[in-house]
Amino acid sequence: MKRSTKIIAIITLAILTTEAGLVLTSWLSARRVMEQTIQDRGATLREGFAIAQSTTEMQLGAIANFIADVEDVRRFMALAQVLGDIPPAAMDDYRSQLEHIIGARWSNLQFRFLLRQLAFHLPDGTTFLRIERPYQHGERTTPEHGLVDASIASRRIRSGFEIGAWSTGLRATAPITMQDADGATALLGVVEVGTSFDPMLVPICPTAECGVSVLLSPLAAAAMAPASRDALFTPDRISERGWLMEASSNPAITRAVIDALPQPTRGQSDTRLLRSPAGRWLGVTTFPLLDFPAQADAARPPIGMVAVWQDATDLIDGLHADLRTTMAGALLAFIVVETVLVAGVHLTTRRLEREIAGATAESQALLRKVTALAERDPLTDLYNRRSFSRRMSEETARRQREDRPLSLAIIDLDHFKRINDSHGHAAGDEVIMRLVGHLGHVLRSSDLCGRWGGEEFLIAFPAATVLEAGRVLERLRACIATDRGPLAFSFSAGVTQWRDGDDLDSMLHRADECLYRAKREGRDRIAYDRTPEPVA
């Protein structure tokens, strides 16, 4: 063999080896990028789940506290203790009266917040009345060391995931208290409200490209009443390995992948690629689900797990397309030697950079979307309760530093329920948006506005006295009076100004009292906790 032939063969072998190494290196790099992208997406969905759960628990806690503060509830719970030895028929009559009193409020709350549980417990933990099961009472149906016991012991609102005898889901408890003649606070009982995970899953992932499932371990429902357990976990919601499907945005996908998922331990998560029945690739991230007792006891194992997934078929197809393209470039580089090789590698590198940039932009966009869901009300784009509270804390701190006034107003649309009942919720949403439009015209850029409840709004007026805040609200009333929309509406408001030692809760309490005074005095007016000068 001629020396030149040997040299060509050696160079050819070197080129083939180099090209093979480049192809392998390129593929491994693209695979690492894909895996990291899938992990980032999973982490974003996990954060979205945590935010949604926290928001739901705060909402449940506020509802439980609202019911606990109803005067009739306090009165009947006090009677339940004083008259504990009366005949059962008479006690049942007291339960029926309490059920009747709370019924209208419960129906409204159940519809607005998709609640499915409301119960009243005595200070010893036994159930006095369960609205959804009015004939189940007089026994302890909540877990030991659970939310009810925690509220009894601490006399504070508690929330978390819990499995009881009749149902599972997110719950919140609030103590029912009353001051006795000596000024001491007496515990009359505990209010418990609950909902399922299902209502919070859609905002986390509103498209078919991703999903969320809440899964309970096989032994999690052992303490439930058999009839309730069988009704809640039907055969199609139990996997071959015994996993129980508590909630899912896509049950079909959950059933297909559930038995291939590992059970995560505390503080750990797992991300892997799985194939759906439709042939799509899914990036599935699992992390532990802790019930309320496990949150307080690090020795308790998770009660189950949460699985979040996203469609990763585009990433897999992109990886395969990159592999094919790289091999074609390598072959072309082999034919035209080093010159084409360099060009091919350069082209591949640029393409990979674009893929990485695209994947990063997509992950950031998803993160921004989840963040917006956590901070803004979806209908009005105003601050939600959580973000308004945070901004208000910043304003109170600034007020203390700069020694300037700060006023707070609470606005409530008059007869809003009547609008919803008579014209439908779409009309109610339109009235809310018209109010928000007028707010945008009268408020200053420095004012803070948030949606506190369904038809309730909070407005913070930095560097404004209660008189100046009242002038703004009167301008708002004037704008609404000239509104030519299909439905006439008005609002009532309560206004207060910062006092030494105040925080958001104390200011909101005074403003709320003023609001109720405005309602009592005929609505469509503004009430102040300290009467200001006449508002021009």
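**Entry 1: two helices side by side**

An axis here is a line fitted to C-alpha atoms, for helices over the stretch in contact, and the angle between two axes is taken between their N-to-C directions, from 0 to 180 degrees. I'm working with a predicted model, so I keep that in mind throughout. Two packed helices get described by the angle between their axes and by the distance between the axes.

I looked up α12, residues 416-423, and α13, residues 425-442. Their axes are 6 Å apart and the packing angle is about 140 degrees. Is that antiparallel or oblique? Roughly antiparallel would need an angle over 145, so I wrote down α12 as oblique to α13.

Next I checked who does the touching. From α12 it's Phe416, Ile419, Asn420 and His423. From α13 it's His425, Ala427, Gly428, Val431 and Ile432. Sorted by class, the contact has five nonpolar residues, four polar ones and no charged ones.

**Entry 2: salt bridges**

On to charges. Side chains of opposite charge can pair when their charged atoms come close. How many salt bridges turn up in the whole structure? The search gave 30, and I picked out a few to follow up.

I started with arginine 280 and aspartate 311, whose closest N and O atoms are 3.1 Å apart. Arginine 280 is in the loop between β8 (270-275) and β9 (281-289), while aspartate 311 is in strand β10 (residues 304-311), so this pair ties together parts 31 residues apart in sequence. I noted arginine 280 as partly exposed, at 38% relative accessible area. Aspartate 311 is buried, at 14%.

Then I took lysine 519 and aspartate 414, with closest N and O atoms 2.8 Å apart. Lysine 519 belongs to helix α15 (residues 504-520) and aspartate 414 to the loop between β11 (406-413) and α12, so here the parts tied together are 105 residues apart in sequence. Are these two buried or exposed? Lysine 519 is buried, with 16% relative accessible area, and aspartate 414 is buried too, with 5%.

I also looked at arginine 444 and aspartate 447, which meet in a salt bridge at 2.6 Å, N to O. Arginine 444 counts as partly exposed, at 34% relative accessibility, whereas aspartate 447 counts as buried, at 8%.

**Entry 3: a network**

Which residues are linked in a network of salt bridges? I found Glu375, Arg390, Arg391 and Glu394 linked that way.

Definitions and conventions: Residues are numbered from 1 along each chain as its sequence is written. This is a predicted model: local features need pLDDT of at least 70, side-chain atom pairs count only at pLDDT 80 or more; totals for chains, interfaces and linings use all residues. Side-chain values use heavy atoms; hydrogens and water are left out. Helices (H or I, at least four residues) and strands (E, at least two) are DSSP runs, numbered from the N terminus. Angles under 35 degrees count as roughly parallel, over 145 as roughly antiparallel, 65 to 115 as roughly perpendicular and the rest as oblique. Contact means heavy atoms within 4.5 Å. Ala, Val, Leu, Ile, Met, Phe, Trp, Tyr, Cys and Pro count as nonpolar, Asp, Glu, Lys and Arg as charged, and the others, Gly among them, as polar. A salt bridge is a side-chain nitrogen of Lys or Arg within 4 Å of a carboxyl oxygen of Asp or Glu. Buried means under 20% relative accessible area, exposed over 50%, partly exposed in between (1.4 Å probe, protein chains only).
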